[in-house]
Each structure stands twice: as structure tokens, then as C-alpha cells.
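Please open the model in your viewer and keep the sequence panel beside it. This tour will tell you what to select at each stop and what you will find there.

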Amino acid sequence: MKRVLLIKLTSLGDLIHALPALSDAKRARPELEFDWAIDENFREIALWHPAVKDIITTDHRRWRKALAHPSTLATISRLVSRLRAIEYDLVIDGQGNFKTALLSLCTRGPRAGFDRHSVREWTAHLAYQRRYSVTKNAHAIERLRRLFAAALGYPVPASPPDFQIQKERFIKPMVELPGEYLVFVHNASWKTKLWPEAYWEELLRKSVQAGFKVLLPWGTSEEEARAKRLAVHSGIQILPRLSLSEIGYVLDRATACVCMDTGLSHLTAALNVPSITLYGSTDSGLIGASGSSQVHLKSDRFCSPCQKKTCRYSRTENPCLQEITPDRVYKEMLRQARPQPASPGSATVRRAS
């Protein structure tokens, strides 16, 4: 076995979770070469890992808007031709949903993935010729490490996750950065992952009064509007819209970060930047940011984690995240800005108070 195709399309955090499995596989089987089928918007992530030889991109989110359009059909046809151009020794579906399972059927080579008890979307397992059982109670990183080990025939490593991000592939953005700074990642894809803006305002006020410079990244117009509402003090800098490789450059040089449960929190952790990530509706034990000097602040509310995109108890705020106060986050941030020794791959979990 030499040439392997990994299918894992989205999203940012999930893709970061796949990097340690690639590192394990390359260490156990140095002869392996990996191609990666990935969403066009995230192709930079595949470029960061040394085990990846070639990248095959999809643009399926755009295709959905005009699936029957001739240009869409032509693009899909070219993708299928690209997938079938090489006969792979193994095709691993690391995502395990209907969409990626369907994509795997377009490839040439034996297909491997999670079995019916382990897969994310039940019907996906029917596409695989080799199916592996991996508990859903394990962290997402561990699930992928176990899948790769089973599919490629080596013992699951006991070592901490090794992301092997090649930082030299980051790009310095065309923006002047402070000599030292914090990064506050205020955005998240779910409404139930958002910390109240009043809490961000209070944390920012405390931080700039203490002399910190704070950078606010954003990726959508809604996130940009929030950043503008929050940047009311001198010492707060709104970044321009950056590529993933540019934001990686910025995060890698931060003194510390405060993040919501979003893709950038996983990138920050993978870079071993001291960080605090806030969890309300999601379970840090299953998808939490993994790296050294990581603190997970969790809610004690009875309904947390609910794994829901909308709160059943409030239409306007997130009661679980309201329990994590700005003062609590600020104190943790000060500890992280003056980091103490931490074991690689560890994350400290602290309940809100």
C-alpha cells in the first residue's frame, strides 16, 4: 500500500482534527502518500501538513445553489474525472456522512470508513467495503486516529496528538500588528455558541485598561459588524478579512487567545497558543480544542451541553454561556498570558463560577 485518498471536506475544526491521524499514519507507514479531497474554502489546511501530496477540491456549497446549471454539472464531471484518475490503494472517508460517502463511490480503490454504529449519518456506511467500529464517546481527534490505525494496519499511538502544521506555509498579512497582542475570537456558527456582546465588551474593557492590545478577526459581514460594535476602546484592532494562512500567522504570534467553540479555536490549540475556549451547548469532551496550555470553561447549567443550535429556554440569549462571567474569563486569561508549564495535548477543564 502506498497511495491513499482521504475524503474530509469541512469544516475548519473538523479538518484540524484530521491532522494528527495523518501524522500517525506517516510515522507508522513512512511509504504512504496521501491525497486529500477537501472543500475549496479550506484547501490551505491540507497544504499545511507534510504528508499530503496532492489536493482535490470541491465547491459543493456553491453547487447546491444551482445544482442543475450546466456549469455546475460540468464542474462536477471534472471532479469525478479527477477522483478516478488514480487507482488508490485505499480511500478513507474521514467524515462519514452521506455526501462524503457518495463522493467515495466516485473513486477507484477499496473504500474504508466507520461502521453503522460509528458513522455520523447512518446510510453512509453502506458505501464502504471496509468498516471499522470506533466509539462515538471518544474525542473527534481520537476517533480519526483509531480509524486510520485500523484501516492502515498499525497500533493506535498512545502519544498526544501531533498536528505537524508547517508554520512556514503561513502568510504574513499586509497589516501592521502590535509587538504583543491578544486575539479574541468572538464568532461562532451556532447562535448557542455565542457569548453575550455585553460580556465581550466588559472583557475588552478590562483587557485594554490593563495595557493589552486586542485583535478581533472576522470572516462574514455579520462578524465584521459585531467586531465594529465591540471595538469602542483604543487598543482594539479589527483585522481585515484574512485567508486561513494569514490568520494562522496572526494566531501563532499571539500572547493568548479567548475563543468561542469555533474553527479558529481548534487552530489556536493546534498551534499550542495559550487559549481559553468557552463551551455552553457543545461538549468539550467530544470536540474540545486540543493542545498545550488550553483551558476549557464550561457551564454548569442543567441543560448543558444540549448539542442544539437554538436554545429551548431563551429566544434572545444563551443562559448557559451567561454563567461564564467576564471576570472569570479575565482571570483565566491573565494566567494564560503568563503561561505555566503544561503537558503536550492537555486541556484544563474549569467549570463556570
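**Before you start**

This is a predicted model, in which local features need pLDDT of at least 70 and side-chain atom pairs count only at pLDDT 80 or more, while totals for chains, interfaces and linings use all residues. Residues are numbered from 1 along each chain as its sequence is written, and side-chain values use heavy atoms, with hydrogens and water left out.

**Stop 1: strand β7**

Select residues 182-185, which form strand β7; helices (H or I, at least four residues) and strands (E, at least two) are DSSP runs, numbered from the N terminus. Leu182 and Phe184 point one way from β7, whereas Val183 and Val185 point the other way, and all are buried. Here buried means under 20% relative accessible area, exposed means over 50%, and partly exposed lies in between, with a 1.4 Å probe and protein chains only.

To follow the chain from β7 to β8, select helix α7 (residues 197-209), through which the chain passes in a right-handed β-α-β crossover. Right-handed means that, with the strands pointing away from the viewer, the path from the first strand over the helix to the second runs clockwise.

**Stop 2: strand β10**

Next select residues 256-260, strand β10, which runs parallel to β7 and is joined to it by four bridges. Leucine 182 stands opposite alanine 256, and valine 185 stands opposite cysteine 259. Ala256, Val258 and Met260 point one way from β10, and Cys257 and Cys259 point the other way. Why is β10 largely enclosed by the rest of the structure? It is so because five of the five residues of β10 are buried.

**Stop 3**

Cysteine 257 stands opposite serine 275 in β11, and β10, helix α10 (residues 263-270) and β11 together make a right-handed β-α-β unit.

Is threonine 277 buried or exposed? Threonine 277 is buried, because its relative accessible area is 0%. Leaving out residues up to four places away in sequence, threonine 277 touches Cys259, Met260, Asp261, Ser265, Ala289, Val295, His296 and Leu297, where contact means heavy atoms within 4.5 Å.

**Stop 4**

Most residues other than glycine have a negative phi, and most peptide bonds are trans. Select threonine 10 and serine 11, whose peptide bond is cis with omega near -20°; serine 11 is in the loop between β1 (3-7) and α1 (12-28). The peptide bond from serine 304 to proline 305 is also cis, with omega near 0°, and proline 305 is in the loop between β12 (294-298) and α12 (319-322).

Then select glutamine 164, in the loop between α6 (140-152) and β7, where phi is near 50°, a positive value in a residue other than glycine. Serine 293, in the loop between α11 (284-287) and β12, has a positive phi of about 60° although it is not a glycine. Glutamine 164 counts as partly exposed at 28% relative accessibility, whereas serine 293 is buried at 15%.

**Stop 4: cavities**

How many cavities of 30 Å³ or more does the structure hold? The structure holds two. On a 1 Å grid over the protein atoms alone, a cavity is a set of points where a 1.4 Å probe fits but cannot get out, and lining residues have an atom within 4 Å of a point. Grid points are joined across faces, edges and corners, and a volume is the space filled by probe spheres set on the points.

The largest cavity has a volume of about 100 Å³; to find it, select Cys303, Cys306, Cys311, Tyr313 and Cys320, which of its 13 lining residues lie nearest its centre. The second largest cavity, of about 30 Å³, is lined by Tyr279, Gly280, Thr282, Asp283, Lys298, Ser304 and Pro305.

Methods
Pairing = 2+ DSSP bridges. 1 Å grid on protein atoms, 1.4 Å probe; cavity = no way out; pocket = protein on both sides within 12 Å on 5 of 7 lines; lining within 4 Å.
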